[in-house]
Amino acid sequence: MSLLFSKAQLGPLTLQNHLVIAPMTRSRATNNVPNDLMVEYYVQRGSAGLIVTEGTSPSPNGLGYPRIPGIFSEAQVAGWKKITDAVHARGAKIFVQLMHTGRITHPLNLPQGGEVVAPSAVAAAGQMYTDAEGMKDFVTPRAMSEAGIKHAVAEFAQAAKNAVAAGFDGIELHAANGYLLEQFIRPNSNKRTDKYGGSIENRARFVLEVVAATCAAIGKDRVGIRLSPFGVFNDMPEYPEMAADYTYLARALNETGLMYVHLVDHSAMGAPPVPDEIKVLYRKTFKRTLILSGGYDAARAETDLTAGKADLIAVGRPFLANPDLIERWKEGAAENAPDMATFYTPGPKGYTDYPALSG
Ligand SMILES: Cc1cc2nc3c(=O)[nH]c(=O)nc-3n(C[C@H](O)[C@H](O)[C@H](O)COP(=O)(O)O)c2cc1C
């Protein structure tokens, strides 16, 4: 019997298998509130061991993309509660990914009162999509004051509490792919001269404060983090100290005692490869659960689990296009191909209409 399909342990949680659905933004949350269409999408995928939701903002300032959900208002918590109840009924566990987009936003995407904030007033190169006016250049963010940083940490802690109230088993902090937490880690977006900038100890401070605050709010067993060492997405160029910085983070995160580290590898999507040494380093340094992701099929997932390279494997696009991926992988059945044109479009097309084998 394969390891992949056998039960797995995530701290105190027993998962029905070793497969995690990687977080995927799907932009179906009209007005930033989870809805019944999203219930259907997540329920269809309830045979996974663990679902990590799409990036979900802890703050009005973090709603960078059109139609992404939040978890800071009562309506959002109520919307998520329907999803967690329905997913639990299918046996999966579910964590919400807390994503604050920081400078990767546009004022046209933000709700009233939302502001583009980041560690420093450095605009990201490039453009982003807005519903109102199509593609727009990134704007220069307002550099967060120390009070603003405290406020953001408190927003994460409150969002973690809201997640528990909404029935989530835990939260995943999105410290990958160029969003706010990574903007603090990386020197190209963090030019601060106070205790949050300069050395890696300082650039990691905000992330570690968010980890500490969320762990204090809901418990270490309910908090994971996603990192993208060597990731360049969203104008995050490589730099000489990358390996050293992420080595420091591995040690510092291990000391926090949080539940898991989830590493991103987007080389299957055309990004530069993530050196194997960095994955091995996280495996050795981080004593709790390690999740690997990026370009996995069933055979490679089984091989890496058996070799002990990771405790769990996260899969994105195959789960997006195959609600019954577990069944297909068990049977070696053919898979639906993901349709990129409908990744972020409103409505059920390319969202809840991918056929299941027995559908
Ligand atoms: C449509 C789409 C949306 C995504 N949104 C997120 C997101 O909100 N948060 C995140 O951490 N990663 C996001 N990702 C990256 C995936 O979690 C995953 O790392 C990536 O798809 C590679 O895994 P795969 O080869 O199994 O698809 C997204 C990927 C896709 C395809």
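This briefing walks through aromatic pairs, a cavity, a pocket and a few individual residues. The model is predicted, so please read every value below as computed from it. A search of the whole structure finds 8 aromatic pairs, and ring pairs join Tyr 41, Tyr 42, Trp 80, Phe 168 and Tyr 351 into a cluster. The structure also holds 1 cavity of 30 Å³ or more, and Tyr 41 and Tyr 42 are among the residues that line the largest cavity.

**Aromatic pairs and the ring cluster**

**The largest cavity**

- The largest cavity has a volume of about 40 Å³.
- Its lining is made up of Ile 21, Ala 22, Met 24, Tyr 41, Tyr 42, Arg 45, Ile 51 and Val 52.
- Helix α1 and strand β4 (50-56) each supply at least two residues of this lining.
- By class, the lining of the largest cavity holds 7 nonpolar residues, no polar ones and 1 charged residue.

**The second largest pocket**

- The second largest pocket has a volume of about 150 Å³.
- You will find Asp 276, Lys 279, Val 280, Arg 283, Leu 292, Tyr 296, Arg 300, Asp 304 and Lys 309 along its lining.
- The elements that give two or more residues to this lining are α8 (276-285) and α9 (298-306).
- Helix α8 gives the most to the lining of the second largest pocket, with 4 residues.
- The lining of this pocket divides into 3 nonpolar, no polar and 6 charged residues.
- Two of the lining residues, Tyr 296 and Arg 300, also meet each other: Arg 300 lies over the face of Tyr 296, at 3.8 Å from the ring centre.

**Positive phi at two asparagines**

- Asn 32 has a positive phi of about 65 degrees, although Asn 32 is not a glycine.
- This residue lies in the loop between β3 (19-21) and α1, and at 13% relative accessibility Asn 32 counts as buried.
- Asn 177 likewise has a positive phi in a residue other than glycine, with a value near 55 degrees.
- Asn 177 is found in the loop between β10 (170-175) and α4 (180-185), and at 9% relative accessibility Asn 177 counts as buried.

**Val 39 in helix α1**

- Val 39 is found in helix α1, and at 15% relative accessibility Val 39 counts as buried.
- Leaving aside residues up to four places away in sequence, Val 39 touches Lys 82, Ile 83 and Ala 86.
- Val 39 and Glu 201 are 162 residues apart in sequence, and their C-alpha atoms are 41 Å apart in space.

Note on methods: Residues are numbered from 1 along each chain as its sequence is written. This is a predicted model: local features need pLDDT of at least 70, side-chain atom pairs count only at pLDDT 80 or more; totals for chains, interfaces and linings use all residues. Side-chain values use heavy atoms; hydrogens and water are left out. Rings of Phe, Tyr and Trp (its six-membered ring) pair if their centres lie within 6.5 Å; planes under 30 degrees apart count as stacked, over 60 as edge-to-face and the rest as tilted. A charge sits over a ring if NZ of Lys or CZ of Arg is within 6 Å of the ring centre and within 35 degrees of the ring normal. On a 1 Å grid over the protein atoms alone, a cavity is a set of points where a 1.4 Å probe fits but cannot get out, and a pocket is an open set with protein on both sides within 12 Å along at least five of seven lines; lining residues have an atom within 4 Å of a point. Grid points are joined across faces, edges and corners, and a volume is the space filled by probe spheres set on the points. Ala, Val, Leu, Ile, Met, Phe, Trp, Tyr, Cys and Pro count as nonpolar, Asp, Glu, Lys and Arg as charged, and the others, Gly among them, as polar. Buried means under 20% relative accessible area, exposed over 50%, partly exposed in between (1.4 Å probe, protein chains only). Contact means heavy atoms within 4.5 Å.
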